[in-house]
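Welcome! Here is a short briefing to read alongside the structure, taking one topic at a time.

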Amino acid sequence: SIIAEGIVRRRSLEMRNKQQYWHESMEGQKMQEFRRSLPSFKERDALLNLISRNQVVVVSGETGCGKTTQLPQYILESEIEAVRGAACSIICTQPRRISAMSVSERVAAERGEKIGESVGYKVRLEGMKGRDTRLLFCTTGILLRRLLVDRNLKGVTHVIVDEIHERGMNEDFLLIVLKDLLPRRPELRLILMSATLNAELFSSYFDGAPTIHIPGFTHPVRSHFLENILEKTGYRLTPYNQIDNYGQDKMWKMQKQTLRKRKTQIASVVEEALMTADYRDYGPRARESLSCWNPDSIGFNLIEHVLCHISRNERPGAVLVFMTGWDDINTLKDQLQAHPLLGDPSKVLLLACHGSMASAEQKLIFDKPEDGVRKIVLATNMAETSITINDVVFVVDCGKAKETSYDALNNTPCLLPSWISKASARQRRGRAGRVQPGECYHLYPRCVHDAFADYQLPELLRTPLQSLCLQIKSLQLGSISDFLSKALQSPEPLSVQNAIDYLKMIGALDENENLTVLGHNLSMLPVEPKLGKMLIFGSIFNCLDPIMTIVAGLSVRDPFLMPFDKKDLAESAKAQFSARDFSDHLALVRAFEGWKNAEREQNGYEYCWRNFLSAQTLKAIDSLKKQFFHLLKDSGLVENVERCNTWSRDEHLIRAVICAGLFPGICSVVNKEKSISLKTMEDGSVLLHSNSVNAQEARIPFPWLLFNEKIKVNSVFLRDSTGVSDSVVLLFGGKVSRGGLDGHMKMLGGYLEFFMNPELAGTYHCIKRELDELIQK
Ligand code: ADP
Ligand code: MG
């Protein structure tokens, strides 16, 4: 070990020399000068001092003051200066992949290095990390995965959890795990970083850990609310009582009804605002919005109008537009591109910003455009805190963010664009004052703003907890309920119970809440338990490739594009892939395979364009599949690579494997004279989402539809579905006691043990035939 120490010391000395060399170089000095100008620099010594003396420190400061890029770097530099560089290991978590990647690139550049030297990153599917990497930016999920195999974070000296104010589920979860770990690792340092001022909450959670605030400097930003905007830009809204179009009218009523249901204080105020201030453009899009899971009250024409106003009349400076989601961003981008001024590339550089974009595209967002060109960036709420675009002078804030919530009573997730919090609105506004005084256009009346909640509800309290509970078990953290009761804010007992029941039902936990073999395998796969189960069954039954396509598709996003103005064309393009076999999942497989063939002939883009598919999504699916394959092979679930696709053309078997995963996500089908009645156990009647291939059918010749996603938007909609027969449900529907089904299950002696033998894959067909006959009787 003396030799090892010697090596570490020599490497540390090399690191120090290299750092000194950079700091003394011309470029290095310029960079240092910039870094010293950031507000965090003044606190550098105080920060380092506090960290050296306390195990946990909470740091808060305005966005842009230099928390993310500087603080981890201060720690790294001071370790290097103390000739401990090669012995330290700093992990800084980010809630999103894009920030982990862009921040690590920035920090490497500030250190005059390429990424992968002393600074690296790791996110799902991608990473840049070398032998000498001492500061690693990763997503919170990656650190949680590491904890699975390395419970004490051996060798790690500092953990920095960034953006904790967002209260994401993973971050809240990580905090419980770390709190538990700290006594076992007394020398480990934990630093929590937060943008807004609720630092006390975190400090008291860690037994009064010291907090330090970095006073920031931002230029003043002027707020314009809807009423001022209308006045200033001369935009006219149609009063509510003049809308007579049925679709619009219906939509308004629904919106009001939902609001009334929520019975929150905000409802009446918003309702009133909606009555008086109409967003005219809401109307024409109402029906589409409803069918596209995307009811939102942003007037696209209003945004266009405001952007025009800025481009024509205001001083130079980039514009940042906050939208609710990716669909909206794409639709708006298409609309703006057709505009004579905003679509003119010599005057406007129009960019979209989202979590999974390529780095080349990302760079454009940070770069300054040419003189005379105005940069307009359309972004989701991730541009609120995690990424900083410096030249933004104007912010357009639609006031909404797509937020998942969870109805524990019906065990149904809901996805609704909802009003943001005051904290978010302040944050959005602040993005305009980075380099000079800015302007913020809030596209809602001031009274609506005043009724916003102060902070957003933490994600842990508004999402299903299945994956999280599985993780708690695989991390050996004891009883699920006990563990979750230690959270900053604990989820409702009913939500926890739902998740535990679910995991028991799919066979991931046994009666005593212990992890089963299946559960253990599921926890190693980076997808939801039900999708993991599908992968495992796909391996066992040797129909792996199409199953991997389906699982990747369901966990990335739908590659089928449904542009509003070409919805009919897009729908018929998708219907071709379905070939009337009543399955969105099989349609996905065919579309993907068609794309792979087209790619081989260098025709990928044309193929996507013709068939309304997103090439980017298909590529993401492709690389995720590769990762699945490696994981399944490494874990021994795929034993024989040649055989794992023997049955991949067998559509019946694929349906069965889909059932093994998605059950109990199932609804019964009764074909009526003029309509089809669909029911699930929890929700009663449900509807099919219009993008589903089954939505166009007058009759569905299957007694059951399986679905991956249902969501409540006024009514409950099934987003995707696949028809299956009774026997498939009986054989693959998991251990569920539902009257008659249970008897058959017992007869089969437990499906899982039975089918765990790959040799039996062929036997499935015989059994199915027998069962079909049995049911006929
Ligand atoms: P915080 O985490 O406190 O919000 P950051 O550390 O992300 O702040 O950013 C500090 C400053 O570093 C920003 O104000 C910006 O000036 C600069 N900066 C950050 N990222 C980049 C980048 N990719 N390119 C250029 N400058 C950047
Ligand atoms: Mg930051």
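A residue is counted as near a molecule if its C-beta atom, placed from the backbone, lies within 6 Å of it. Keep in mind that this is a predicted model. With that in hand, we can look at the ligand, then the nonpolar cores, then a sheet.

**Around the ligand**
- Ligand 1 is surrounded by 15 residues, and the closest are G64, K67, T68, T69 and R106.
- Two elements, α5 (67-81) and α6 (97-110), each give two or more residues to this shell.
- The most comes from α5, which supplies four residues.
- Sorted by class, the shell holds 10 polar, three nonpolar and two charged residues.

**The nonpolar cores**
- In soluble globular proteins, nonpolar side chains tend to be buried together.
- The largest nonpolar core here has 184 residues; V321, V396, V551, V657 and C659 touch the most other members.
- Leaving aside residues up to four places away in sequence, V321 touches I303, I376, V377, L378, A379 and V396.
- A second, separate core has five residues, among them A401, W419, I420 and A425.

**An open sheet**
- Six strands form an open sheet with parallel pairing, in the order β9-β16-β13-β10-β12-β11.
- At the edges stand β9 (221-224) and β11 (348-353); each has a single partner strand, so one side of each is left without a neighbour in the sheet.
- On average, neighbouring strands of this sheet are turned by 20° against each other, direction ignored.
- Helix α15 (residues 326-337) packs on the sheet, where it touches β11 and β12 (374-379); the direction of α15 makes about 170° with that of β11.
- Strands β13 (residues 392-397) and β16 (residues 438-442) pair in the parallel sense over four bridges, and V395 has C440 in β16 as its bridge partner.

Note on methods:
Residues numbered from 1 in each chain as written. Chains lettered and ligands numbered in written order. Predicted model: local features only at pLDDT ≥ 70, side-chain atom pairs only at ≥ 80, totals over all residues. Nonpolar A, V, L, I, M, F, W, Y, C, P; charged D, E, K, R; others polar. Core = buried A, V, L, I, M, F, W, Y, C linked by C-beta atoms within 7 Å. Buried ≥ 20, exposed ≤ 12 C-beta atoms within 10 Å, placed from the backbone. Contact = placed C-beta atoms within 7 Å. Pairing = 2+ DSSP bridges. Axes fitted to C-alpha atoms, helices over the stretch in contact; angles between N-to-C directions.
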